[in-house]
Amino acid sequence: MTEVLVRVEGLSKFFPLTRGLFRESREFIHAVEDVSFAIAPGESLGLVGESGSGKTTTGKLLVRLLDPTAGHIYLRSNGSEVDIATLRGKDLKAFRRRVQMIFQDPYESLNPRLTIFDTIAEPLMVQGIGNVLEREEMVAEMLVLVGLTPPSSFMFRFPHELSGGQRQRVAIARALVVGPTFVVADEPTSMLDVSIRTGIMYLMQDLAQRLGVTYLYITHDLAVARYMCQRIAVMYLGKIVEQAETEELLQHPQHPYTRALISAVPIPDPRIKRQAIEIKGSIPTPINPPPRCRFYDRCPIADAFCEQNDHPPLRDVGGGHYVACYKA
Amino acid sequence: MTEPILYVDDLTMHYTTRAGDVSAVDNVSFTLTKGESLGLVGESGCGKTSVAICLLKLLPDNARIKGGHIYLDGVDLVPLSEEQVRRYRWRRISMIFQAAMNSLNPVYKVGDQIVEAMETHLENFSYPAAREKVAELFRLVGLDPALMEQYPHEYSGGMRQRAVIAMALACDPDIIIADEPTTALDVIVQDRILKELRAIQQKLNMGMIYISHDIAVIAEVSDCVGVMYAGRLVEKACTEEIFHHPIHPYTAGLMSAFPSIVGPKRELTMLPGEPPDLLNPPPGCRFHPRCPYATEICREQVPEFKDYGGDHFAACWHPLEG
């Protein structure tokens, strides 16, 4: 990768388990641990994993809705790299113009008491962009871009008057109105029905091209990731276990977890019978995990070496395909 | 063909709301034979779950069956009183609900809850026999019988769903209705539950109605598929036919809008518009405002749900070549 927009290095987030008001925590939930990746401008990187794998925490760290425990997040801005992880005050506010987030549930992410105009204009007001008339024009333009036309018929309605698909379009408009270069999209289509979902997927791709937006696309659905992302990173218990170009990852998964995950995805064609790869048990707790490979307890190919050594680092197996496994 | 155990004939159900009547189920007809798995697929609000609650007659206060019949082994369930309905509910037809978390009482041990369900529904109930039966069911759904003594919060999501399946099987029903039982689960757990449910259904030779919005899941668990749109059944055929020779444009649209991780990466097509408001459904074919083939007749007359041969039914004025 020659050009990089976002570069994450050794990013970790631990949540302390409280033991009482004045007692220090000894146990931590290792939600994200030592995660590194890079995203090129205009690219869309998929972050895929099961619930509790740390995908959403990673997304929230990248937009600084959470402060990292350790690590760096570099964002390229006007030719130089800025470490987001340590931004404060005015710099942090300016950063919010460049990085935005789209949330999963359009029924929860919109304030029911704000009109669509107020919802989309709010980030502009916070950032002090334009006067009332200019903002109205910008909001109208944004509504057209997300396919809510004519804008005048949507501007002064409330979220409860819109369908799920329309609400998600409003949420997208709100995220993009300040002109961000990087957007974290957290399962933006998982609450929507199939016939509505495709429209939102195409809209997001179209806007990425038109406005030059780069996505971190968080999803649990590999089939959606296949259509939305050029590359996919698979997370398991706070770690990235595999990362590759989308088709490469789906056709030639190397990590035993990725293989099991792919083999469990149902196929919308009764003629195709899947090769089942069974793994034991379920995702263990991320509270103070032992230093060995996170997948050790469930891995079908783990041996004594995996038990005695630390979690394996991501290593390059060629062609930009990275795997964190000693045995793969 | 074997005699159907369930025959739903022209079922129509409305919800009364302050804004007017919502026509949630409109003239739905289908049959189910012993050992057959029928997938009922459609988007939210298309009436899938409403059909299920009609079959069990678990109707909320504002819901009314306006017409039609539900024949279970030849007996029409629609006119039966609540007292009479109790004799077949759970014993003949049982249901796995969508939210496993909410279908278990958090303050009772899981084993006791299933025993209680048996006590309510079975005539010759004996406590030791029921305990023995629950232990057997736990083994069947892949749970350790020792877990009977635990509370729902001690279970993981997948375990809870298994317990709910065990509860649905408690009275040896002939028909089991599964309403999105895996929607809230992760894909690896979902895969296991689907396989187990399908194996149990085949082993016990039960009829199953599997409700889902996910056509990939439907493809895996069903012998036959019924596609619902805006309260109507628009197409029904064996799974292979539905997926490879759809007749109704909505079915075809649903298939081509659905992404898959195998096979060539084909273009996903987009259905324009959104499902209609059932307070005021469009006249004629309810799909016509979104249908690329719609003509005058579609806007005026309701298409008949007709047989295209080989048990392939569809309701469309402009059927696709299949």
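The radius of gyration used here is taken over C-alpha atoms, and the globule rule is 2.2 Å times the number of residues to the power 0.38. For the 328 residues of chain A, a compact globule would have a radius of gyration near 20 Å, and the 21 Å of chain A agrees with that. The model is predicted. Chain A contacts chain B, with 31 residues taken from chain A and 32 residues from chain B.

**Chain A overall**

- Chain A contains 11 helices and 12 strands.
- The C-alpha trace of chain A spans about 70 × 60 × 45 Å along its principal axes.
- Of the 328 residues in chain A, 44% are buried.
- When contacts in chain A between residues at least 6 apart in sequence are considered, 64% of them join residues at least 24 apart.

**Chain B overall**

- Chain B has 11 helices and 12 strands.
- A compact globule of 322 residues would have a radius of gyration near 20 Å, so the 20 Å of chain B agrees with the rule.
- The principal axes of the C-alpha trace of chain B give spans of about 65 × 50 × 45 Å.
- Buried residues account for 47% of the 322 residues of chain B.
- In chain B, 65% of the contacts with a separation of 6 or more are between residues 24 or more positions apart.

**The contact between the chains, seen from chain A**

- The contact draws on 31 residues of chain A and 32 residues of chain B.
- On the side of chain A that touches chain B, at least two residues each come from α7 (194–211), α8 (222–228) and α10 (256–263) of chain A.
- The largest share of that side, 6 residues, is supplied by α7(A).
- By residue type, the side of chain A that touches chain B has 19 nonpolar, 8 polar and 4 charged residues.

**Strand β8 of chain A and its partners**

- Strand β8 (residues 214–219) of chain A is mostly covered, with 5 of its 6 residues buried.
- β8(A) is joined to strand β3 (residues 44–48) of chain A by 5 bridges, and the two run parallel.
- Within that pairing, Gly46(A) has Tyr217(A) of β8(A) as its bridge partner.
- β8(A) also pairs with strand β7 (residues 182–186) of chain A, in the parallel sense and over 5 bridges.
- In β8(A), Ile218(A) stands opposite Asp186(A).
- From β7(A) the chain passes through α7(A) to reach β8(A), a β-α-β crossover that is right-handed.

**Strand β1 of chain B and its partners**

- Strand β1 (residues 4–17) and strand β2 (residues 20–33) of chain B run antiparallel and are joined by 10 bridges.
- These two strands, β1(B) and β2(B), form a hairpin with 2 residues between them.
- Thr17(B) stands opposite Gly20(B) of β2(B).
- β1(B) is also joined to strand β4 (residues 63–72) of chain B, through 8 bridges and in an antiparallel arrangement.
- Met13(B) stands opposite Ile65(B), a residue in β4(B).

**Helix α6 of chain B**

- Helix α6 (residues 157–169) of chain B has 13 residues and reaches 19 Å from its first C-alpha to its last, close to the 18 Å expected at 1.5 Å a residue.
- α6(B) is mostly covered, since 12 of its 13 residues are buried.
- Among the buried residues of α6(B) are Arg160(B), Gln161(B) and Arg162(B), along with Met159(B), Val164(B), Ile165(B) and Leu169(B).

How values were computed:
Residues numbered from 1 in each chain as written. Chains lettered and ligands numbered in written order. Predicted model: local features only at pLDDT ≥ 70, side-chain atom pairs only at ≥ 80, totals over all residues. Contact = placed C-beta atoms within 7 Å. Helix = DSSP H or I, 4+ residues; strand = E, 2+ residues; numbered from the N terminus. Nonpolar A, V, L, I, M, F, W, Y, C, P; charged D, E, K, R; others polar. Buried ≥ 20, exposed ≤ 12 C-beta atoms within 10 Å, placed from the backbone. Expected span 1.5 Å × (residues − 1). Pairing = 2+ DSSP bridges. Right-handed = clockwise from strand over helix to strand, strands pointing away.
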